[in-house]
Amino acid sequence: MGRRSGVLEFAVLGLLHDAPMHGYELRKRLNVLLGSFRAFSYGTLYPCLKSLVAQGFLVEDNPDVEYVPATALNGKRSKIVYRLSAEGKQRFEELLADSGPDAWEDEHFGVHFAFFGQTDRAVRMRVLEGRRSRLEERLERMRNSLARARERFDDYTVELQRHGLESVEREVRWLNELIETERANRTGRTGSSAGATGSAVPKTSDGRGEEDGSADPPGPPYDRPGRSDQER
């Protein structure tokens, strides 16, 4: 299964794990959950649902109305309700426990993070640390690219690359805070991170406190190079 379809499968199973839904409601929930990536269309969602039904992960329920396929003339579609089967619940648990390299990538990380409330703490830590490692590798490449760009490109191109670099740096700082909070919760320590009590001063990636004005606020989960400040 490709990465894009894998992201959608995980998101669909995760949302239906909470409650059965019909396709239109599910699409709205997906747009809220994954809107930072892209808006899903019926053309993307329904093939995924049919595939999950064929694999035995979903069950279609429509007890009141016989299925009426949509046509250009009537534009109608009966409201089939989708719910997880026992196999679908097991599949979601498997995806939830995945902490390998795919979970660190941009789109996969966002979906994993959206379901962190249902994820084992050890898995959360592996995903967060893997994501940070991946971004630190990206930062090194971007810094090298920016150094070369200053010699080869105009000021606007350099500024665009600098903007992307700063976006990744913000996400690394945000990940550092999340990881520190997870570690504090695991060991039962308090006051050592920007946790639920809020008693400690959040630290940036270089160890400085935010009270001196040297750090940007932590970015949102899906901060990504190339997104404008208005989008964030």
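Which residue in β3 does L58 stand opposite? L58 faces L84, and the views below start from the whole fold and then come back to that pair. This is a predicted model, so a word on the ground rules: local features need pLDDT of at least 70, side-chain atom pairs count only at pLDDT 80 or more, and totals for chains, interfaces and linings use all residues. Residues are numbered from 1 along each chain as its sequence is written, and side-chain values use heavy atoms, with hydrogens and water left out.

**View 1. The whole protein has seven helices and three strands.** Helices (H or I, at least four residues) and strands (E, at least two) are DSSP runs, numbered from the N terminus. Read from that end, the elements go α-β-α-α-β-β-α-α-α-α. Of the 232 residues, 40% count as buried, where buried is under 20% relative accessible area, exposed is over 50%, and partly exposed is in between (1.4 Å probe, protein chains only). The accessible surface comes to about 12900 Å², with 49% of it belonging to carbon and sulfur atoms; these areas come from the Shrake-Rupley method with a 1.4 Å probe, and for residues only the protein chains shown count as cover. Among contacts (heavy atoms within 4.5 Å) with a separation of 6 or more, residues 24 or more positions apart account for 61%.

**View 2. Three strands make an open, antiparallel sheet in the order β1-β3-β2.** Two strands pair if DSSP finds at least two bridges between them. β2 and β3 run antiparallel and are joined by four bridges, and here L58 stands opposite L84 of β3. β1 (21-22) and β2 sit at the edges with a single partner strand each, so one side of each has no neighbour in the sheet.

**View 3. D61 and R83 form a salt bridge at 2.5 Å, N to O.** A salt bridge here is a side-chain nitrogen of Lys or Arg within 4 Å of a carboxyl oxygen of Asp or Glu. The pair links distant parts of the chain, 22 residues apart: D61 belongs to strand β2 (residues 58-61) and R83 to strand β3 (residues 81-84). D61 is partly exposed at 25% relative accessibility, and R83 is partly exposed too, at 34%. Side chains of opposite charge can pair when their charged atoms come close. The structure holds 14 salt bridges.

View 4. R91 has a relative accessible area of 25%, which makes it partly exposed. E94 is partly exposed as well, at 43%.

**View 5. R162 and E166 meet in a salt bridge at 2.2 Å, N to O.** The two are four residues apart in helix α7 (residues 155-187), so about one helical turn separates them. R162 counts as partly exposed at 30%, and E166 does at 28%.

**View 6. The largest nonpolar core has 28 residues.** A nonpolar core is a set of buried Ala, Val, Leu, Ile, Met, Phe, Trp, Tyr and Cys residues joined through side-chain atoms within 4.5 Å. The residues with the most contacts inside this one are V12, L13, L16, L26, L30, L49 and L58. The elements giving two or more residues to the core are α1 (3-18), α2 (23-34), α3 (42-54), β3 and α4, and α1 supplies the largest share, eight residues. Leaving aside neighbours within four places in sequence, L26 is in contact with V12, L15, L16, M21, L45 and L49. Apart from this core lies another, of 20 residues, including V127, L165, V172 and L175.

**View 7. E182 is a buried residue, at 12% relative accessibility.** E182 has its place in helix α7. Its side chain and that of R124 are joined by a polar contact of 3.0 Å. A polar contact is a pair of N or O atoms within 3.5 Å; within protein, one must be able to donate a hydrogen and the other to accept it, and residues adjacent in sequence count only if both atoms are side-chain atoms. Beyond its neighbours within four places in sequence, E182 is in contact with R121, R124, M125 and L128.
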